Amino acid sequence: MSPTSHRDRERNGHPAEPDLVTAPELLPVLEALRRREPIFHRPEFGSRRADFERMVEADFWEVGASGLRYSRAHVLDVLEHRAPDPAEHGWTTRDFHCRELGPDTYLLTYTLEQGERVSRRSTIWRRRADDWVILFHQGTLVAAS
């Protein structure tokens, strides 16, 4: 996996994009978290409410691509009743970057392409013992250029 480069910024079409490079010592963390995204859409990490409850911290919340804020309880309720979406197999993730925020706490950012819908995603993760929990998540739609 290569870090985001100048060529990637040109491909993304905006010269103001930051040159995000994950520090070499964080590459194992980046890889571990990359495999877990997009969150709640990786059946190998769980598909039942109890699985999702273990994935998120008690005070978890998110900001959806709509700009609305969602509580942990609301997200868990939606996930519990969500039907599998075959379109997920065509989703593409790219431009992953990891930054350490504090002890065992990391910000993972990436781009998610869901067909024509493109969003930037940010997830704050905490390493707890031998597992990972999510503290916060945000999705922001990318305006069509």
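The legends below describe a predicted model, first as a whole and then in close-up views. Local features require pLDDT of at least 70 and side-chain atom pairs pLDDT 80 or more, while totals for chains, interfaces and linings use all residues. Numbering runs from 1 along each chain as its sequence is written, and side-chain values use heavy atoms, with hydrogens and water left out.

**View 1. Overall fold of the protein.** The protein contains four helices and six strands, where helices (H or I, at least four residues) and strands (E, at least two) are DSSP runs numbered from the N terminus. Along the sequence their order is α-α-α-β-β-α-β-β-β-β. The C-alpha atoms occupy a box of roughly 40 × 35 × 25 Å along the principal axes.

View 2. Thr-92 stands opposite Glu-113 in β4. Two residues lie between the strands of this hairpin, and Asp-104 takes a positive phi near 60°.

View 3. Ile-39 belongs to the loop between α2 (27-34) and α3 (49-55). Ile-39 counts as buried because its relative accessibility is 5% (buried means under 20% relative accessible area, exposed over 50%, partly exposed in between; 1.4 Å probe, protein chains only). Leaving aside residues up to four places away in sequence, Ile-39 touches Tyr-110, Thr-123, Trp-125, Ile-134 and His-137, contact meaning heavy atoms within 4.5 Å.

How values were computed
Pairing = 2+ DSSP bridges.
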